[in-house]
Amino acid sequence: MTTILYILTIIAYVLSTGVSILIISENRTPSKTLAYLLMMFLLPFVGVIIYFVFGENYRKKKLYKRKLLNDTRAIEAFNNYLVRVSNENLTTYRDVIGQYGPLVKLLVRDSRTPLTINNEVEILQNGENKFEAVWKALESARNHIHIEYYIFEEGKVAEKLKDILLRKCSEGVEVRIIYDDFGSRLSKKYINELKTAGAEIHPFYKIYFPLLSNRHNYRNHRKIIIVDGHIGFVGGINMSDRYVNSSDNKQTYWRDMHLRLAGDSVKMLQASFIINWNFCTETELELKHDYFPDYEANDPVLVQTAFSGPDSDRATIMLSYLSAINSSKRYIYITTPYFIPNESILNALKTAALSGVDVRLLVPGVSDSRFVNAAAKSYYAELLDSGVRIYLYKKGFIHSKAMVCDDLISSVGTANMDIRSFDLNFEVSVFVFDQKVAAEMKNTFFEDLKDAEPINREAWKNRPRWVRIGESFCRLFSPVL
């Protein structure tokens, strides 16, 4: 028995040594690298399993190559066109964009998402308002409906959606649905009803062996609806009853935000959907004009979209947030349900506050994850010391992912201000360059503060030591939360 244990121990450490070389070659941050190396040699077998489930760097390996066009010349010509148009718009609307020109250039160069000028933007507060607008848009569909969601759960909302989609299928409208295989809960009956009616529905990155698979770690966290190529919805509200605040919904009050877009910005959502659709179905959806129709906005608004995930070269959304924070001169107001920043975002917020910028952070007082909330709290003391004002939302659970800065720029999307959204999930955030939208976002932020409690710096630092130690312990696991 002793000989067998000795041999197994040798095998374990040889395996750990091999994986450690792989970890070092990934060139991650030193702290993350050292954490994984320590785990390799303290827990040889277990450490290897944890690494391959949670730790592999899929941004380098690429889950799939993001490609809308296959012809190399067409790709080059298209990219050059996007750069030229964005530079022209940047010059023409310099006063509207203000000091955020570097952000526009970053998104064009990093992910080839142009600054679009022909848009209409409507802010939708909470699920009850979002779904009312969605049903109206779906009923108007004449050509196609494309849906992509992280959480898709059966209930009253899903039934209402299904009824509309079944009717639209009978009218000859193309219906395509992508649902995340980890976050969604759909029965075979529900899926088969849609398929029988003519809808196409596929899971994103299907999980075959949940306990042994690392696929659950790379989630499609996007919430996107596209109707006839010119109306789009994007934001934090999933397809589930829990997001609707009504008299018969006895769950916690759910505070959230979504955008209704119309215009050229929807083309970016469409392009992203088609790329993911081709990946899920292993086919190539024909790029028809019906998917990218012309649209004339009544009150043109500038919009630029940021996408990121394991298919992108860099953490694009994180970089875009960082650029916006660093460019702001007067104020930065952020709402996020999960606040687990990397060092870059953390230092940028502290630097801004120390430089005299009014930095405010609105986070949940009560979260749907105690462990994540505890990890988030471990960051508050150093932010408070730097002059950042932090507010705990008390009315219910705040799930909005929003930012507004300097009365010029606003952002709403699916990405939380956390490491998972930055590095692991497929996310989308929309940046709006418009003073009217910024004013509405700012007003919304202060309305939400009425239902929040500011954190007192001294009282926070004087909390029991065992509470602070527990939060610091949870913070150790922040890369995989």
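Predicted model: local features only at pLDDT ≥ 70, side-chain atom pairs only at ≥ 80, totals over all residues.
Strand E12, which spans residues 358–364, is mostly covered, with seven of its seven residues buried. On one side of the pairing scheme, E12 runs parallel to strand E10 (residues 331–335), to which five bridges join it. Five bridges likewise join E12 to strand E13 (residues 389–393), again in a parallel arrangement. Arg-360 of E12 takes part in both pairings: Tyr-333 stands opposite Arg-360, and the bridge partner of Arg-360 in E13 is Arg-389.

Aromatic pairs number 16 in the model. In one of them, the ring centres of Phe-204 and Phe-279 lie 5.5 Å apart with the planes at 55°, and the pair is therefore classed as tilted. Phe-204 is buried, at 1% relative accessibility, whereas Phe-279 is partly exposed, with a relative accessible area of 24%.

A further pair is formed by Trp-254 and Phe-397, whose ring centres are 5.0 Å apart and whose planes meet at 85°, so that the geometry is edge-to-face. Because Trp-254 lies in strand E7 (residues 254–255) and Phe-397 in strand E14 (residues 397–398), the pair ties together parts 143 residues apart in sequence. Both residues, Trp-254 and Phe-397, are buried. Ring pairs also connect these two with Tyr-243 and Tyr-338 in a cluster.

Charged side chains are also placed over aromatic rings. Lys-395 lies over the face of Tyr-253, 4.4 Å from the ring centre, and the charged end of Arg-463 sits over the ring of Trp-460, at 3.7 Å from its centre.

Methods. Residues numbered from 1 in each chain as written. Heavy atoms only, no water. Buried < 20%, exposed > 50% of the residue type's maximum accessible area, 1.4 Å probe, protein only. Helix = DSSP H or I, 4+ residues; strand = E, 2+ residues; numbered from the N terminus. Pairing = 2+ DSSP bridges. Phe/Tyr/Trp six-rings, centres within 6.5 Å; stacked < 30°, edge-to-face > 60°. Lys NZ or Arg CZ within 6 Å of the ring centre and 35° of its normal.
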